[in-house]
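Subject: The structure I promised you

Hi,

Here is the structure we talked about, with its sequence. Have a look at it first, then read on for what turned up.

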2 protein chains.
Amino acid sequence: MENNRPLILISNDDGYLAKGINSLVGMLRDMADILVVAPESARSGYSRAFSAYSYLTMTKRHEEDGLLVYSCNGTPVDCVKLALNRLCQNRRPDVIIGGINHGDNASVNSHYSGTMGVTMEGCMKYIPSIAFSLCDFDEDADFEPMRDIVRRLTAKVLEEGLPTGICLNVNVPKETPLKGVRVCRMAYGTWGNEVVTTRHPRGFDLYWMLGEYTNDEPEDEDTDNWALSNGYIAITPTTIDLTAHSFIDTVKAWKL
Amino acid sequence: MENNRPLILISNDDGYLAKGINSLVGMLRDMADILVVAPESARSGYSRAFSAYSYLTMTKRHEEDGLLVYSCNGTPVDCVKLALNRLCQNRRPDVIIGGINHGDNASVNSHYSGTMGVTMEGCMKYIPSIAFSLCDFDEDADFEPMRDIVRRLTAKVLEEGLPTGICLNVNVPKETPLKGVRVCRMAYGTWGNEVVTTRHPRGFDLYWMLGEYTNDEPEDEDTDNWALSNGYIAITPTTIDLTAHSFIDTVKAWKL
């Protein structure tokens with residue numbers, strides 16, 4: 001690849017063949033050289049998991065001017081680690097992007113999301129990182145309405161970077177026209193009724209993870225959930241510092 | 001189980017047979033009824049992953065007065081979700097504990113940790129939750145020096161609860177005698193050289209995740225890494241709110 005253009009590393013959790021990641025590549029092709037290292041198949045709900053026990057493989061799937069595509073048998077985080085350690089030793093990505101995810105990664109979903117795994121892994125490596133998600137699980141979802149925000153935000157981050165330890169989680173509602181952008185905090189929300197039980201033909205229980213999401217602060221207009229349910233793009237600045245700083249003094253006062 | 005005692009739900013990422021989780025059960029048996037739902041085998045590095053595609057099974061492994069032990073074929077987070085949705089419908093746990101982990105879950109490891117997955121899942125369900133880890137990966141590690149902090153902290157949390165969205169990540173150094181307790185923030189640190197390559201007998205590359213950890217702020221005495229390398233127990237109050245609140249106004253000023 002050329003070395004005078006920016007390099008964007010892209011991964012996802014829907015797999016390298018998903019429409020979302022390929023739409024994203026199409027939107028950014030003219031702005032940067034692009035390296036895709038993405039899972040072979042769907043890895044939703046993989047969070048920041050990496051493969052501590054099993055070996056990984058990578059397969060080159062496509063190569064053309066300014067675009068290289070690999071698949072990997074591992075998790076979204078494995079993809080980023082493999083890319084940085086085995087493909088980017090001589091050319092560090094300027095930006096890492098997870099997405100475009102088929103489905104919402106707002107509120108507590110950002111904990112479970114493999115797309116956010118990509119982004120937080122990039123952030124842990126001190127590389128400016130963004131996650132893009134569309135609130136539409138359809139495998140043939142229409143990502144075109146996201147083109148403008150994807151390009152403008154990526155250009156901004158390429159130009160200015162992001163502070164250490166901070167990445168961006170961008171969710172876009174399915175309904176168009178989009179009403180604009182809200183910069184948000186993560187809503188508190190809860191998954192309930194998470195388990196559906198079926199019977200194995202041999203007569204024992206099989207459990208399946210599904211569930212219903214409830215926004216626990218529906219009146220609060222500063223959350224990502226509120227923005228999305230009211231037609232706005234939600235940008236949630238996200239930190240890799242998990243410390244609850246506000247509670248440190250209280251625990252100190254426990255005098256353990 | 002009796003209903004006049006507290007109920008503690010315990011899981012881990014080393015599997016239900018690991019010495020760490022069984023030591024923890026032994027330390028807490030007289031304080032509460034205990035329900036263990038833990039992975040069948042090791043699940044290190046599973047983070048907050050849950051099984052979005054595959055079925056789960058649970059197997060009762062042990063039952064005696066005040067102690068019930070199940071294994072599950074899923075992730076640490078699956079274990080908590082299954083326990084809450086299928087075993088605790090009539091009796092909500094008073095505390096959820098992940099651990100005791102064989103190995104350190106400080107700094108960015110708290111992102112990857114399945115033990116922290118247990119704890120953050122509990123916290124997302126608004127149940128006071130704690131993770132305990134010993135900085136010793138040995139499968140026969142000696143957990144006894146942790147007995148005092150495990151019992152005192154669990155008693156405190158049973159008595160006072162924890163604020164919404166905040167859990168505790170407790171790491172204990174291997175070296176004894178322990179010098180005391182430090183209430184910390186999460187250090188910024190980086191994993192490097194993360195990939196080791198070997199060859200498959202058929203001649204293609206296999207990649208394995210290992211790596212070397214670097215504390216990126218070794219001089220800062222308020223971090224978990226500092227506490228641990230200086231012989232102190234590190235208690236890091238941890239939040240499930242991933243919002244980078246300090247950066248919201250900056251992104252708003254971008255006028256996207």
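Start with F132(A): across from it, in β7(A), stands V170(A). That pair belongs to the contact between β6(A) and β7(A), which run parallel to each other and share 5 bridges. Please keep in mind that this is a predicted model.

Is β6(A) mostly covered or mostly open? Mostly covered, since 6 of its 6 residues count as buried. A handy rule: side chains in a regular strand alternate between the two faces of the sheet. You can follow this along β6(A), where S129(A), A131(A) and S133(A) point one way, while I130(A), F132(A) and L134(A) point the other way.

Now zoom out to the whole sheet. It is an open one of 9 strands with mixed pairing, and the order in chain A is β3-β4-β2-β1-β5-β6-β7-β13-β8.

- Helix α1 (residues 19-28) of chain A touches β1 (7-11), β2 (33-39), β4 (67-72), β5 and β6 of chain A, and its direction makes about 135° with that of β5(A).
- Helix α5 (residues 147-160) of chain A touches β5, β6, β7 (166-172), β8 and β13 (233-239) of chain A, and its direction makes about 170° with that of β6(A).

Next, the core. The largest nonpolar core has 156 residues, and among those with the most contacts inside it are I130(A) and I130(B). Leaving out residues up to four places away in sequence, I130(A) touches V95(A), I97(A), T119(A), L153(A), T154(A), V157(A), C167(A), L168(A) and V170(A).

Then there are the two chains. Chain B can be laid on chain A with an RMSD of 0.0 Å, using a turn of 180° and a shift of 0.0 Å along the axis. That is how a two-fold axis relates two copies.

How many residues of each chain are in contact with the other? It's 63 residues of chain B with 63 residues of chain A. On the chain B side, the elements giving two or more residues include α2 (76-87), α4, β11 (205-209) and α7 (248-253) of chain B. That side divides into 37 nonpolar, 15 polar and 11 charged residues. Also, 98% of the interface residues of chain B are interface residues in chain A too, so the copies meet through the same surface.

One last thing to look at is helix α4 (residues 114-124) of chain B. There, 11 of the 11 residues are buried, so the helix is largely enclosed by the rest of the structure. After α4(B) comes Y126(B), which has a positive phi near 65°.

Notes. Residues numbered from 1 in each chain as written. Chains lettered and ligands numbered in written order. Predicted model: local features only at pLDDT ≥ 70, side-chain atom pairs only at ≥ 80, totals over all residues. Pairing = 2+ DSSP bridges. Helix = DSSP H or I, 4+ residues; strand = E, 2+ residues; numbered from the N terminus. Contact = placed C-beta atoms within 7 Å. Axes fitted to C-alpha atoms, helices over the stretch in contact; angles between N-to-C directions. Core = buried A, V, L, I, M, F, W, Y, C linked by C-beta atoms within 7 Å. Buried ≥ 20, exposed ≤ 12 C-beta atoms within 10 Å, placed from the backbone. Least-squares fit on C-alpha atoms with pLDDT ≥ 70 in both. Nonpolar A, V, L, I, M, F, W, Y, C, P; charged D, E, K, R; others polar.
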